[in-house]
Amino acid sequence: MTLDESFRQFWTERRLASLTTVRPNGTPHVVAVGVTVDFEQGLARVIASGTSYKARLIRAAGETGMAAAVCQFEGRTWSTLEGRIRLLDDAVSVRDAEERYAERYRQPRENPQRVVLELTIGRVLGNA
């Protein structure tokens, strides 16, 4: 993923985002989240409780995951990352995502049911 420094900064500074997935009935499910982006691997990660609706929805999609998007904005500047999202619940993935979250936001609270929602970025939109 080769994007300019201002884009990287936009996705590195502390800023909340939205995660959009699609429910089985076809309606969008949009929630506020914290997102971290791994520019080298082309991945965006969200940490969540495994019992949350977003996690259950993505887990139900299976190993191939489902289409999803994360979006953030500041004033007139915005960016959307689209791709396929899947759920990871192994300890190594969760620990890595927690560390990345702590770098961008703050140390996450303790949650033994934490999972990682990992978006493989396929398309970038916006003016960031």
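This tour moves from the whole chain to selected residues, stating at each stop what to select and what is found there.

The model is predicted, so local features need pLDDT of at least 70 and side-chain atom pairs count only at pLDDT 80 or more, while totals for chains, interfaces and linings use all residues. Residues are numbered from 1 along each chain as its sequence is written, and side-chain values use heavy atoms, with hydrogens and water left out.

**The whole chain**

Begin by displaying the protein chain as a cartoon. It contains 3 helices and 7 strands; helices (H or I, at least four residues) and strands (E, at least two) are DSSP runs, numbered from the N terminus. Followed along the sequence, the elements come in the pattern α-β-β-β-β-α-β-β-α-β.

Along the principal axes, the C-alpha atoms occupy a box of roughly 35 × 35 × 25 Å. The radius of gyration of the protein chain is 14 Å, which agrees with the value near 14 Å for a compact globule of 128 residues. This radius is taken over C-alpha atoms, and the globule rule is 2.2 Å times the number of residues to the power 0.38.

Next, switch to a surface display. The accessible surface of the protein chain is about 7,200 Å², and 50% of this belongs to carbon and sulfur atoms; the areas come from the Shrake-Rupley method with a 1.4 Å probe, and for residues only the protein chains shown count as cover. Of the 128 residues, 46% are buried. Buried means under 20% relative accessible area, exposed over 50%, and partly exposed in between (1.4 Å probe, protein chains only).

Colouring by charge shows 18 positive and 16 negative side chains, with the centres of the two sets 7 Å apart. Lys and Arg count as positive and Asp and Glu as negative, whereas His and the chain ends are not counted; the place of a charge is taken as NZ of Lys, CZ of Arg, CG of Asp or CD of Glu.

Among contacts between residues at least 6 apart in sequence, 70% join residues at least 24 apart. Contact here means heavy atoms within 4.5 Å.

**Strand β3: D38**

Select D38, which is placed in strand β3 (residues 36–38). D38 counts as buried because its relative accessible area is 5%. The side chains of D38 and R100 are joined by a polar contact of 3.2 Å. A polar contact is a pair of N or O atoms within 3.5 Å; within protein, one must be able to donate a hydrogen and the other to accept it, and residues adjacent in sequence count only if both atoms are side-chain atoms. A polar atom of the D38 side chain also lies 3.2 Å from the backbone nitrogen of E40. With residues up to four places away in sequence not counted, D38 touches L43, R45 and R100.

**Strand β4: S49**

Move to S49 in strand β4 (residues 43–49). At a relative accessible area of 19%, S49 is buried. The side chain of S49 forms a polar contact of 3.0 Å with the side chain of T51. Apart from neighbours within four places in sequence, S49 is in contact with A55, N111, Q113, R114 and V115.

**Helix α2: L57**

Now select L57 in helix α2 (residues 53–60). L57 is buried, with 9% relative accessibility. Beyond neighbours within four places in sequence, L57 contacts T21, V22, R23, P24, H29 and M66. To show a separation across the model, draw a line from the C-alpha atom of L57 to that of R95: the two are 38 residues apart along the chain and 22 Å apart.

R86 belongs to strand β6 (residues 77–88) and is partly exposed, at 36% relative accessible area. Setting aside residues up to four places away in sequence, R86 touches I58, E63, G65, V116, L117 and E118. Its C-alpha atom is 9.0 Å from that of A55, 31 residues away along the chain.

From D90 to Y105, the C-alpha separation is 22 Å for 15 residues of sequence.

Finish at P108, in the loop between α3 and β7 (114–126). P108 is buried, with a relative accessible area of 11%. Its contacts, leaving aside neighbours within four places in sequence, are I47, E98, Y101, A102 and R114.
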